[in-house]
Amino acid sequence: MLAQQYAAIKRDLDDKGILFSFSGYLSEGILYSLGEALREKMALEEADGPTIRRVFSVFVEQMQNIIRYSAEKMSGRAGRAVELSAGMVTIGVEDGKVFIVCGNTVRNGDVPRLKQRLDHLKSLDRNGIKSYYRERLREEPDDGSRGATLGLIEIARRASDPIDYDFNAMDADRSFFCLKVRV
Amino acid sequence: MDSLTIPATGRTPGVSFDFAGGHLRMTGESYPDVVAGFFGPVFDALRGYLAHPDGGAIRFDMELLYFNSSSAKALMNIFQMLETVAKAGRPVTLTWCVEENDESMRELGEDFAEDLRHVVFRMREIPSGGSP
């Protein structure tokens, strides 16, 4: 029964072309380790350096978005200051392209602004994304309230197709946010 | 301070700032878990060096293979410091090294170059084969 249950989960992931999947509390340490595994896997498949870095770049920005903005966090001291952010990350291959899906809880109050930023990014073509990046690069780091963060723009820039996102309402306060990027 | 040397780690760049010789280099990759923690001391050392100009030329070799968006902001800060002294008349050359075929890094170089009026910006292609 036990093996059957988990085999079914694994089969489902395999069928979706998923290479790595992590769900739970994420940290910078997990980002680093998963990132290394991702690069090693791609290097073994003889992907070239620039392609590996493009995928890696989207992965890092997606993971850091969860670590920074997940509405489900745990922090405290366990010998040293520890902060963990709940979320999930899934990396796979679909139609010959690598995709990265990240999901995390967000507060409902933050949904409209996030939607607006993502829709704006989706509406831009390559050159539009490029000039938007340049514009945001020059602005002061703490001016995060206007427009998309540099991280989101970086993600859109490295994507080979327009980014895909969705929200799923969980309760009165929170929604589950998903962002899928093909590289 | 004559120099600042920070060895590279898996996620923080190697810094070798030879202040006496006016030759500054950054190598490796940059996606620190705490960006301010890594770049704070780098900014401080650079600010100190630039505040006491000997008038000598400065060469900055940007040899990073990868940096994340938070590091991009930090790099922008560094280049703005260099632009300020270049505007005041100190010769500064920034060499942006790009592995052949790395269009993303080339584009990023162009993004940063757009804001440099007084710093001389050069793009240099290097053979691929560095760590991915």
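In the predicted model, one helix pair of chain B is joined by a set of side-by-side residues: Val35(B), Phe39(B), Phe43(B), Leu46(B), Arg47(B) and Leu50(B) of H1(B) meet Ser70(B), Ser71(B), Ala74(B), Asn77(B), Ile78(B), Met81(B) and Val85(B) of H2(B). By residue class, this contact of H1(B) with H2(B) comprises 9 nonpolar, 3 polar and 1 charged. The two elements span residues 35-51 for H1 and residues 69-87 for H2 of chain B, and their axes lie 11 Å apart at a packing angle of about 5°. H1(B) is therefore roughly parallel to H2(B), since angles under 35 degrees are assigned to that category.

Helix H3 of chain B covers residues 103-113 and includes Glu103(B). Glu103(B) has 10 other C-beta atoms within 10 Å and is therefore exposed, the limit for this class being 12 or fewer. Between Glu103(B) and Thr93(B), the separation is 10 residues in sequence and 22 Å in space, from C-alpha to C-alpha.

The loop between strand S5 (92-99) and H3 of chain B contains Asn101(B). The phi angle of Asn101(B) is positive, near 75°, although the residue is other than glycine. In general, most residues other than glycine have a negative phi. With 13 other C-beta atoms within 10 Å, Asn101(B) is classed as partly exposed.

A positive phi is also found in chain A, at Glu46(A), where the value is about 65° and the residue is not a glycine. Glu46(A) is located in the loop between helix H2 (28-44) and helix H3 (49-69) of chain A. Because 6 other C-beta atoms lie within 10 Å, Glu46(A) is exposed.

Conventions
Residues are numbered from 1 along each chain as its sequence is written. Chains are lettered from A and ligands numbered from 1 in the order in which they are written. This is a predicted model: local features need pLDDT of at least 70, side-chain atom pairs count only at pLDDT 80 or more; totals for chains, interfaces and linings use all residues. Axes are lines fitted to C-alpha atoms, for helices over the stretch in contact, and angles run from 0 to 180 degrees between N-to-C directions. Helices (H or I, at least four residues) and strands (E, at least two) are DSSP runs, numbered from the N terminus. Angles under 35 degrees count as roughly parallel, over 145 as roughly antiparallel, 65 to 115 as roughly perpendicular and the rest as oblique. Two residues are in contact if their C-beta atoms, placed from the backbone, lie within 7 Å. Ala, Val, Leu, Ile, Met, Phe, Trp, Tyr, Cys and Pro count as nonpolar, Asp, Glu, Lys and Arg as charged, and the others, Gly among them, as polar. A residue is buried if 20 or more other C-beta atoms lie within 10 Å of its own, exposed if 12 or fewer, and partly exposed in between; C-beta atoms are placed from the backbone.
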